[in-house]
Amino acid sequence: MPRPIVHRTASLFGVLRDRELRAFWLSDWVSDAGSFVTFIALAVYVNQLTGSPAAVGVALALRSVPWFTFGPFAGVLADRLDRRAVMVVSNLARAGLVALLPFTRTVWVIYLIALASACFGPLFRSARSALLPAMAPQRRLVPALAVLETTHQMLHTVGPAFGGLVVLLAGARWAFFVDSASFVGATLFLLSLPARGRPGGRRRPVRHDLAEGVRGLFGTPPARAWALLEVPLALGSSGVIALLVPYVRDELGRSGGVYGIVLAVAGLGTVVSSLVIAARDDRHSRAPWAAASVLSLAAFVAVLANPSFLALLPIAFVSGLGEAGIGIPMTATLAETLPDDIRGRAYSVANAVTELASAVGSIGFAWLGEPGHLGIAPAIALASAMGAALGVAILVFGGGAVISRRERERLAALRQR
């Protein structure tokens, strides 16, 4: 990588000199570390109890259900309440619920606890997404997003591997305590942030506020284009992730903890793309990343060739490149094009659509992966190919043109400053 790019990449982390952003970053760091452990442990634990790919798909899909049912209303709350307080309460509630998981061996109870814990996810993320632009306005936003995303994906690299190690050494049941403790630790960092109070704006009936968030997202062409691109990415990748546990265990004959290593390598790919996007953001268009991200999802079609475990790792790396290529530009574009008082609602609507696609992908492709249907490898390949094909269709039928036009305008405005 040329020296100027290396220098710009390293300089991104200068945003952490800001005390508030540093506390926000540390909170994410601690919380993510625990959450990735639970993500691995939940999939492995359910697979151990049932031996069914579909059961794993249901467990992962239940985590998405609150996003497209309760999620949009969570955005309304995030725009009416102190966003830091919403994040604190959500973390503490999840800490208590996750701590209950080791004490049950009944699948339906696990489903119920996972669902209850997931209900606080939309509240937390809507408040978090809306609060960050207030702490990192204008040109500081993309560097802050890149640092947070890079940390998230670095933990995606380390966290699953660590979670796999915990599962191997202590068993999946006891790994849940790590996540519970992480929520408490993350809350301590959030409490160091100053309270900003409730956002401004008129208070109207909930249905009006929710409708305003929908209009804000889908009535703003660049925000709509990036949000829609997240849908096929979520659909395809959720199917792949749900099927990787039985693929690693049944097709490759490896332990469940190895699943974490595959996800870790995918996270490494996202780290690389996050840093490159941020280092080039104030000089180069984000549009090429949309196409590259969509195409990277198709990497898992290669499982039809029955790759070995080592050959599976570069496939995961290529696939991981795409997550930041859509996630960072979408988050930045929403912050740049939408007013603060509706931002929480708009984020929650975008998350609701994405998580609905994730739930459909987790359940649908996991069901297709059952032995009596397509089988695991063909179902993974189908999920990968379908997600990529739908993403290409969105770009071809207008999304690509909207994104390119917005990027020309954004870069022109930056040059004039």
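A salt bridge here is a side-chain nitrogen of Lys or Arg within 4 Å of a carboxyl oxygen of Asp or Glu. This is a predicted model: local features need pLDDT of at least 70, side-chain atom pairs count only at pLDDT 80 or more, and totals for chains, interfaces and linings use all residues. Residues are numbered from 1 along each chain as its sequence is written, and side-chain values use heavy atoms, with hydrogens and water left out.

**View 1. Arg-286 and Glu-336 join in a salt bridge.** The N to O distance is 2.8 Å. Arg-286 lies in the loop between helix H13 (258-280) and helix H14 (287-296), and Glu-336 lies in helix H15 (residues 309-337), so the pair ties together parts 50 residues apart in sequence. Helices are DSSP runs (H or I, at least four residues), as are strands (E, at least two), numbered from the N terminus. Arg-286 is buried, at 2% relative accessible area. Glu-336 is partly exposed, at 34%. Buried means under 20% relative accessible area, exposed means over 50%, and partly exposed falls in between (1.4 Å probe, protein chains only).

**View 2. A network of salt bridges takes in Arg-286, Glu-336, Arg-406, Glu-407 and Arg-410.** Within it, Glu-407 pairs with Arg-410, their closest N and O atoms 2.8 Å apart. Both lie in helix H17, three residues apart, about one turn of the helix. Glu-407 is buried at 0% relative accessible area. Arg-410 is buried too, at 7%. The structure holds five salt bridges.

**View 3. Arg-128 and Asp-28 meet in a salt bridge.** N to O is 2.4 Å. The pair links distant parts of the chain: Arg-128 is in helix H8 (residues 120-135), Asp-28 in helix H2 (residues 19-50), 100 residues apart. Both residues are buried.

**View 4. Phe-103 and Phe-177 form an edge-to-face aromatic pair.** Their centres are 5.8 Å apart, with 70° between the planes. Rings of Phe, Tyr and Trp (its six-membered ring) pair if their centres lie within 6.5 Å; planes under 30 degrees apart count as stacked, over 60 as edge-to-face and the rest as tilted. Phe-103 is in the loop between helix H6 (83-98) and helix H7 (107-118), and Phe-177 is in helix H10 (residues 172-190), 74 residues apart. Phe-103 is exposed at 59%, while Phe-177 is partly exposed at 32%.

**View 5. Val-56 is buried in helix H3.** Its relative accessibility is 0%. Leaving aside neighbours within four places in sequence, Val-56 is in contact with Ala-43, Val-46, Asn-47 and Ala-242. Contact means heavy atoms within 4.5 Å. Val-56 and Val-44 are twelve residues apart in sequence and 8.0 Å apart in space, C-alpha to C-alpha.

**View 6. Glu-370 is a buried loop residue.** The loop runs between helix H16 (340-368) and helix H17 (376-415). Relative accessibility is 18% for Glu-370. Beyond neighbours within four places in sequence, Glu-370 contacts Ser-52, Pro-53, Ala-54 and Gly-375.

**View 7. The whole chain is shown for context.** The chain has 17 helices and zero strands. Buried residues make up 57% of its 417 residues. Of the contacts with a separation of 6 or more, 86% join residues 24 or more positions apart.
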